[in-house]
Amino acid sequence: MNLYYVSIKGQPVGPINEAELQTEAAAGQYAAGTLIWREGMTGWEPIEQHFKLPAAPPPLPEDEPPPLPTQKTVNLDDLGKKIKNAAENINKFGKNVGDIAGQATGLEKLDGFSFKQFCKELFRHHTLDEVLDLFCCGTPRTTPDLKEINASWPAPWIFSRMLCFFLILYVGFNYALAQWHNLNLIPGLIFIGCFAMPFCVSIFFFETNVKRDMPFFEIIKCFLLGGVFSLFAALLFFEHGSLFSGAWWAAFMEEPAKLLVALLIVSPMYRRGNVLHGMAVGCAVGAGFAAFESAGYVYRYLGMYTDLIMAYDLGGSADIVIWTAHKHGITFNMPYEQFANNPAGSIRLLQEQVNPDTVLITRAILTPFCHVVWSAITVGAFYHVMTKRAQEPGRKTWCIDLSALGDKFSFGMYKLATIFTFQKDDLTDNKLNMFIFCDYRFLSLFFCAIALHAVWNSPLLEGLGIFKLLGIGIVGWLIALLLLQIGIHQIRKEKEALLNQSEIEEEPARES
């Protein structure tokens, strides 16, 4: 039923339902020319155009029509204040959550971080020379002098350009497949869809290394070799260490596998305790793991999808389709009679359940919130404690020489492909202190990553849906930002020490 507003003495009165307004108009309560309005009308209109009035209605009082009830005046100053207050509240909330995360993990509080400053370069125009300069680093000629480094929060940007590039490729493959139905396009579609997001997040952590002393080749090597070997290591752990059958138990297999592979696969020159190195390496290994795992899932669901279509096309009977669904482990949540009565509709529901496009897109969107950030935390924490223990004389050490083991594990590829990378003179001391694995400072962060992974895989808080996964991802990124802050402080101290040393050496020259 329509609801009306009546203009009385310049003020809108209502809402009044249509039947009531008709009764009041017929009783002579409104004068001819009284203005009324309801939703769908362009403006105020006389009441006699819509309702029947008595033969001699009372005279119309002189007044101006009021503004329409749905029209609201907007004060731009008040709106700006509200937006500013909302932004301040969000910043305070983020700072409080960051402080809580810092206390829980034993790290410093998040200080000096500004999301606006962190993203300031995203939408600024950049030249091709800037792109080349960003990737051409890590060699004696391209590594900047420590005195010239801006040891403050970085502002990464190239990862967003790469992501847009991959998105265009993905849309192009999708269009071509829909237009020409050429099955040869499917592998390319899977490759772009599964590798784009993990690779771009790896670039993001590569950009956060403000020291710029690690070549991009190292990231690619960790992404490819680290991703493959971490999958193999996880499968090995599953085969010999599966104490429980729940999906949550995967966290206790996969996170150690990615950590150990990251420590072995990286070149010796980057096993020095630089936290930003550790986070870039850990992210690359986790990104490779996520990319190969996603490709496997999409391939598996593509097989399910095509098998269901073939089973329906070849026979179409309920028994064949149900058997095909059970063969692939698809949950069949409907009675047999319901499927038999409507096989076409039921098969469409099953196809939606195992749609490979949905799996690919969902895993791509969720990639930054899971494996990549968990691995960045674990390896970054290991490098952080490595530096801490080196600064604490008297600590017990039990080391394993990685110079031979690491080279063989990575097939010696860094010797062949890092000829142009910066080699330090102290690479002979390439040992892994096993006591770091028992250090509470490392374990607190390591088990934080495992806990986030376990909750992600478990049915706990499933009622929250996507908000559960986003919440876990935000916590992971807060911890990663705290570790990034430690890495920046680390470089800042190195720079200050170098500048102080330079001043001490220049002082005698000035006096002479």
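A residue counts as buried when its relative accessible area is under 20%. Glu 255 has a relative accessibility of 0%, so Glu 255 is buried. The model that holds this residue is predicted.

Start with the whole. The protein has 18 helices and six strands. Of its 512 residues, 45% count as buried. The accessible surface comes to about 28,200 Å². Carbon and sulfur atoms account for 62% of that surface. Take the contacts between residues at least 6 apart in sequence: 77% of them join residues at least 24 apart.

Now return to Glu 255. Its side chain meets that of Lys 258 in a salt bridge, 2.9 Å from N to O. Both residues sit in helix 8, which spans residues 251-265. They are separated by about one helical turn, because they are three residues apart in that helix. Lys 258 is buried too, with a relative accessible area of 1%. Lys 258 also lies over the face of Phe 289, at 5.4 Å from the ring centre.

The structure holds nine salt bridges. Another of them joins the side chains of Arg 389 and Asp 439, again at 2.9 Å from N to O. Arg 389 lies in helix 14, and Asp 439 in the loop between strand 6 and helix 17, so the pair ties together parts that are 50 residues apart in sequence. Both Arg 389 and Asp 439 are buried. Glu 392 and Arg 441 form a salt bridge as well, with their closest N and O atoms 2.9 Å apart. Glu 392 is in the loop between helix 14 and strand 5 (399-401), while Arg 441 is in helix 17, so this pair ties together parts 49 residues apart in sequence. Glu 392 is partly exposed, at a relative accessible area of 24%. Arg 441 has a relative accessibility of 17%, so Arg 441 counts as buried. Arg 389, Glu 392, Asp 439 and Arg 441 are linked in a network of salt bridges.

Next, the aromatic side chains. A search of the whole structure finds 29 aromatic pairs. In one of them, the rings of Phe 204 and Phe 205 have centres 5.4 Å apart and planes at 85°, so the pair is edge-to-face. Phe 204 is buried, with a relative accessible area of 8%. Phe 205 is buried at 0%. Phe 382 and Phe 437 make a tilted pair, 5.0 Å centre to centre, with 50° between the planes. This pair links distant parts of the chain, 55 residues apart. Phe 382 belongs to helix 14 (residues 371-390), and Phe 437 to the loop between strand 6 (431-433) and helix 17 (440-457). Phe 382 is buried, at 0% relative accessibility. Ring pairs also build a cluster from Phe 135, Phe 165, Phe 166, Phe 191, Phe 195, Phe 199, Phe 206, Phe 216, Phe 223 and Phe 292.

Two further buried residues deserve a look. Trp 157 lies in the loop between helix 4 (128-135) and helix 5 (158-180). Trp 157 is buried, with a relative accessible area of 8%. Its C-alpha atom is separated by 4.8 Å from that of Leu 122, 35 residues apart along the chain. Beyond its neighbours within four places in sequence, Trp 157 is in contact with Glu 121, Leu 122, His 126, Glu 130, Val 131 and Glu 207. His 277 lies in helix 9 (residues 275-314). His 277 is buried, at 5% relative accessibility. Not counting residues up to four places away in sequence, His 277 touches Asn 209, Asp 213, Met 214, Tyr 270 and Tyr 383.

Leu 460, Leu 461, Leu 464, Ile 466 and Phe 467 make a nonpolar surface patch of about 520 Å². Leu 461 lies in the loop between helix 17 and helix 18 (466-511). Leu 461 is partly exposed, at 48% relative accessibility. Glu 39 lies in the loop between strand 3 (35-38) and strand 4 (45-46). Glu 39 counts as exposed, at 67% relative accessibility. Glu 39 and Leu 3 are 36 residues apart in sequence and 7.7 Å apart in space, C-alpha to C-alpha.

Notes:
Residues numbered from 1 in each chain as written. Predicted model: local features only at pLDDT ≥ 70, side-chain atom pairs only at ≥ 80, totals over all residues. Heavy atoms only, no water. Helix = DSSP H or I, 4+ residues; strand = E, 2+ residues; numbered from the N terminus. Buried < 20%, exposed > 50% of the residue type's maximum accessible area, 1.4 Å probe, protein only. Contact = heavy atoms within 4.5 Å. Phe/Tyr/Trp six-rings, centres within 6.5 Å; stacked < 30°, edge-to-face > 60°. Lys NZ or Arg CZ within 6 Å of the ring centre and 35° of its normal. Patch = residues over 30% accessible without salt bridge, like charges linked within 9 Å, V, L, I, M, F, W, Y side chains within 5 Å. Areas by Shrake-Rupley, 256 points an atom, 1.4 Å probe, with all protein chains shown as cover. Salt bridge = Lys/Arg side-chain N within 4 Å of Asp/Glu carboxyl O.
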